[in-house]
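Subject: Structure handover

Hi,

My notes on what turned up follow below it.

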Amino acid sequence: MLKECLEAVERKMPLIHNITNYVTVNDVANVLLACKASPIMADDLEEAAEITSICDGLTINIGTLNQHTVPAMFAAGKQAVKLGHCVVFDPVGAGASMFRTNTALSLMREISFDCIRGNSSELKALVFGSGNTQGVDANVMDVVTEENLEEMILIFQAFAKERHCILVCTGAIDLVLDERHSYIIRNGRPEMSKITGTGCQLSAVTAAYLAANPERKLEACAAAVCVMGIAGEVAWERMEKGDGNASYRNRIIDAVYRMSGEELERRANYEMR
Amino acid sequence: MLKECLEAVERKMPLIHNITNYVTVNDVANVLLACKASPIMADDLEEAAEITSICDGLTINIGTLNQHTVPAMFAAGKQAVKLGHCVVFDPVGAGASMFRTNTALSLMREISFDCIRGNSSELKALVFGSGNTQGVDANVMDVVTEENLEEMILIFQAFAKERHCILVCTGAIDLVLDERHSYIIRNGRPEMSKITGTGCQLSAVTAAYLAANPERKLEACAAAVCVMGIAGEVAWERMEKGDGNASYRNRIIDAVYRMSGEELERRANYEMR
Amino acid sequence: MLKECLEAVERKMPLIHNITNYVTVNDVANVLLACKASPIMADDLEEAAEITSICDGLTINIGTLNQHTVPAMFAAGKQAVKLGHCVVFDPVGAGASMFRTNTALSLMREISFDCIRGNSSELKALVFGSGNTQGVDANVMDVVTEENLEEMILIFQAFAKERHCILVCTGAIDLVLDERHSYIIRNGRPEMSKITGTGCQLSAVTAAYLAANPERKLEACAAAVCVMGIAGEVAWERMEKGDGNASYRNRIIDAVYRMSGEELERRANYEMR
């Protein structure tokens, strides 16, 4: 049950190492605190592997990829895998530049990620080795819809099998799948795309959920996706006259902070296949 | 009309590449989303020109200038100009250090900016090649007032002519001018100076307005300045007991998010000379 | 009196140079503006010493330490000391990696800090040359309690004497001490630890208070600690149904923005030894 996943995070308070972008890093730190995990950011090669060693999980996010932190990503990733920590990869903008696509593919070759979370364009860029990601947003041609759902699941499940990892594809419909099972999740609000960083936040929350629930990884990822989606719904219900995307951003993190296992269980809207 | 400029941004949803500082980058991303544009941040030489190629406009902001991103600024700027994209330059802190002043002047020599937006001290540092900028704020001696308005317009208009670009000088009175025409804009609130990054936000919004309105560039810049100023006014009207600059910051972005073409047209307070 | 310290900041509006981490930098800038100081961020060796020269105080924070900015920390720190500016050091995560601990110790050898502010684990790592800091949070074994208060004061006072500086140790109980006197401060809320960066914010505010009150440094540090603690209390009283840590973050900066000398004096909860 999703409830147990949330409560394990609250109980274990995992420390999550994030090598992430400087655009959304503050929100990532606050959302980890909101779900009762702890954040630490460290992206210099000099300390990346050592910091990861004292943590319970790692998120690697290439949102503002630069050459100086790439070696730190490899070092931390390898160390985390060696220690049996959960590692989540967020290939922000894969498909939008060669540098991002190639770095993402290299990281995937050398680090065995537990979970890769991205939008449909980013994940398709990883599957096919190139893409047409619209900046950091999914290209409209790539989006998961009720019509292409079966096909998308097949594509991603083949990739999950090949890579031995969980894939989380977020959009209007969210998919959480490994080679055998898939969660199809319909929580969230379209307005979440008008805030920078809800995807980055989800990747970090996913790392916290995996770190606290290593014995039920697929369910942990599904729980994290439901938490963010429900937080988006709760926050929207709390919007007041005159509020816009900045207030919505705060209200979403607030909703994660206040979410109980019961609320998660009651509002989670998913089917399994 | 300003209304058309806003509606063009909503319709075209331009993708704006930002090489910017890490202090205000999250607000810059959210304000671009608020005005219905899309942000992407990428500052590594390895991908800067390629990322700019898939975008509609570029903002270069030197707020936390460092040697590693300067080459990316040149590469992206030159590529954007080559592709006919609009490029906005925000010379944050020009006049406060040789590094900033000289980098700003070099960028201006090699990249033909469509618009340069700064406070009066920053712009005077560019005009005269040195300055006495008070950190990242205008020196009180440089401020545009009703008394020195004519003189300041003459100085900046000569510079706009020499550089073939639009200058946007923001402060209590905002100036938007090219070599022939000037908008004198009196929107905004003095409390906006108690928030970090309203200037950075305006530069990015200006890039979005230019990208969506290439056939009326001066008007597009004026519209962007009015949008931010009016958002500052609307946000101030929504302030509640106990609110301070952090809430004001959120409310300004919220006001940009909710602003309609009608509201912009109705509240814009400007004269043309 | 604490009131005079706050009013000196409002009157002198010190310009504070911050070489800080990219996680909390936006909040640091906004909280400096909230207390009527001005922020500038500059971390490149090319300009660090020059920027510090035009400022009134300097904060060095190693929250996302990287090799490229370490030389800028040394250059700015030495220049600030040479010019008689107040310099505050925030050894974020000292004790969590060799890189952080060793850089912190090197900085302390070469720069005579006016004040070092950290949590108990970070400060103990500096005292003993190594530590077991829990990421960026204090290890529960290191925390200052009513029981170990005397002992902790002795340890820190010996260190303050050796280093000729003020130590600020924050947690449930805050200590502000030099070799002779100590303030024991009991303002604040436990929920402040669920926001990233209240410590970073305090370090910057402390630099502003020191810069504006060079003739009463210990009292200035105590005033800064009380301001942040009281802001945490005021903000908590303003929390509404559904609010969480993101709203709390904004409300704390808002409370700093609105704090008067009278409120500070009235609500400050401290004893001196």
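The largest nonpolar core of this predicted model has 189 residues. Val176(A), Tyr209(A), Val176(B), Tyr209(B), Val176(C) and Tyr209(C) touch the most other members. Nonpolar side chains tend to be buried together in soluble globular proteins.

Next, a helix pair in chain C. The axes of H4 (residues 70–82) and H5 (residues 98–110) of chain C come within 10 Å and cross at roughly 20 degrees. Angles under 35 degrees count as roughly parallel, so H4(C) and H5(C) are roughly parallel to each other. The crossing of H4(C) past H5(C) is right-handed. On the H4(C) side, Val70(C), Met73(C), Phe74(C) and Lys78(C) make the contact. They meet Phe99(C), Thr103(C), Ser106(C), Leu107(C) and Glu110(C) of H5(C). By class, that contact has five nonpolar, two polar and two charged residues.

Last, some backbone angles to check. Most residues other than glycine have a negative phi. His164(A) has a positive phi, near 50 degrees. In chain A, His164(A) lies in the loop between helix H7 (149–163) and strand E6 (166–170). His164(A) counts as exposed because its relative accessibility is 64%, and the cut-off is over 50%.

His164(B) also has a positive phi near 50 degrees. Its loop runs between helix H7 (149–163) and strand E6 (166–170) of chain B. At 62% relative accessibility, His164(B) is exposed.

Best wishes

Methods
Residues are numbered from 1 along each chain as its sequence is written. Chains are lettered from A and ligands numbered from 1 in the order in which they are written. This is a predicted model: local features need pLDDT of at least 70, side-chain atom pairs count only at pLDDT 80 or more; totals for chains, interfaces and linings use all residues. Side-chain values use heavy atoms; hydrogens and water are left out. A nonpolar core is a set of buried Ala, Val, Leu, Ile, Met, Phe, Trp, Tyr and Cys residues joined through side-chain atoms within 4.5 Å. Buried means under 20% relative accessible area, exposed over 50%, partly exposed in between (1.4 Å probe, protein chains only). Helices (H or I, at least four residues) and strands (E, at least two) are DSSP runs, numbered from the N terminus. Axes are lines fitted to C-alpha atoms, for helices over the stretch in contact, and angles run from 0 to 180 degrees between N-to-C directions. Angles under 35 degrees count as roughly parallel, over 145 as roughly antiparallel, 65 to 115 as roughly perpendicular and the rest as oblique. A crossing is left-handed if the near helix is turned anticlockwise from the far one by less than a right angle, and right-handed if clockwise. Contact means heavy atoms within 4.5 Å. Ala, Val, Leu, Ile, Met, Phe, Trp, Tyr, Cys and Pro count as nonpolar, Asp, Glu, Lys and Arg as charged, and the others, Gly among them, as polar.
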